[in-house]
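Welcome! Have a look at the model below, and then let us walk through some of its features together.

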Amino acid sequence: MSFAVWALGKALTPLVRRGALTLITPSGEPLAFGDGAGEPIVARLTDNAAVWALLLDPDLKTGELFTDGRLAMERGTIYEFLSLILDNDGEANPSPIVQAFDRCRTATQLWRQRNDPGRSRRNVAHHYDLGDALYALFLDPDWQYSCAYFEHPGQGLADAQRAKKRHIAAKLLLEPHHRVLDIGCGWGGLALYLAGVAGVAEVLGVTLSEEQIARARSRAQAAGLAARTRFALTDYRAVEGLFDRIVSVGMFEHVGLGAYETFFKTCRERLTDDGVMLLHTIGCSDAPSVTNPWITRYIFPGGHLPSLSDILKAVERSGLVVSDIEVLRLHYAETLRAWRTAFMARRAEAVAMFDERFCRMWEYYLAMSETAFRYEQVVVFQLQLVSRQGSAPLTRDYVAAAEADLRARENAISIGDR
């Protein structure tokens, strides 16, 4: 047994106490971990360098090795492998080497996450301009690429995404005369909902993705909403004018830790004196920490998952007032499960579009993200922010009432379409 294999075994033994994990070394020797309970998971490392990589920097190298085919699943899936590891993870401290890597990443994260307008556009293109055909494989019909809101067990993804839009619209306290800014509008689904269902006067959606804005504009035209729903390929910092409401869903994760104050000060400048803003963002419910390095290198360059304290420090300096905070737990895990299931069902189509390596990378991305929401302190924050104290009601009763009204409007539109 080589020293690297011996050391890897020593590192994994206290980490995997429950379950049945077998890791086959490059020489063919099996290393067994756990108490043997549950379905066996068997993975194989193909070369000695892979052993060293997994030992020294598992946060980065696990995804790299799986993507490159050097960590191969022989029994079970990569999702089941990651679930087993992370379900045990809270019972053991990282090795000193892993802790050293994390300290270095923490020390350099402000530099790595600097997101000036040019860099922001390149970062967005890296992920969102891969082609709509890819996202059509697993998203719901409204092209919602953010956490859904599951109102009850077994709810379908499309219904849960509609519920998310309804929930957000309710918190925005919308009136027919309102002008709304949607920062990071994606393919336009929420903006079209605010105009078409909630009935606001005007929505401006901004994105840095050329693929997204083309589809958003096409959808607005097809829905007959182009006069009240505009989309601009521009950075949020370049938007001018005042808005009664601002909403941002799934975009704040790309702002970068060093730009939080700029983001909220910009929003305050764009918001009317009685304005309301709703921020929907992934975050961490524990202390500030470094974001997974594999995700930021291969999937979302420039991204960062903030803690609540990261966000609130910047909000406090912006002049905005926090009027409500809701934490959505496990909703994104269920969303990702639906995406992963759909992607794997149509994986052959993705291979035809790209290649096998790309599909392993995306399988790992979806699996790792889901397990993070299930087993780690990763959640979604919804923050309602106002210009002044009296801009929102004193109790939350209005949310349910607004949702009921919006649901009735959805049903009326659906009947009218039929």
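Tyr128 is buried, and Phe300 is buried too (buried means under 20% relative accessible area with a 1.4 Å probe, protein chains only). This is a predicted model, where local features need pLDDT of at least 70, side-chain atom pairs count only at pLDDT 80 or more, and totals for chains, interfaces and linings use all residues. Residues are numbered from 1 along each chain as its sequence is written, and side-chain values use heavy atoms, leaving out hydrogens and water.

Trp362 and Tyr145 touch the most other members of the largest nonpolar core, which has 72 residues (a core is a set of buried Ala, Val, Leu, Ile, Met, Phe, Trp, Tyr and Cys residues joined through side-chain atoms within 4.5 Å). Helix α16 (residues 356–375) gives the largest share of this core, eleven residues. Helices (H or I, at least four residues) and strands (E, at least two) are DSSP runs, numbered from the N terminus. Another core, of 32 residues, lies apart from the largest one and includes Phe231 and Val386.

Next comes the sheet. Seven strands form an open sheet with mixed pairing, in the order β7-β6-β5-β8-β9-β11-β10 (strands pair if DSSP finds at least two bridges between them). β7 and β10 each have a single partner strand, so one side of each is left without a neighbour in the sheet.

| Edge strand | Residues |
|---|---|
| β7 | 229–233 |
| β10 | 321–328 |

β6 (residues 202–207) pairs with β7 in the parallel sense over five bridges, and Val206 stands opposite Ala232 in β7.

Key: Buried means under 20% relative accessible area, exposed over 50%, partly exposed in between (1.4 Å probe, protein chains only).
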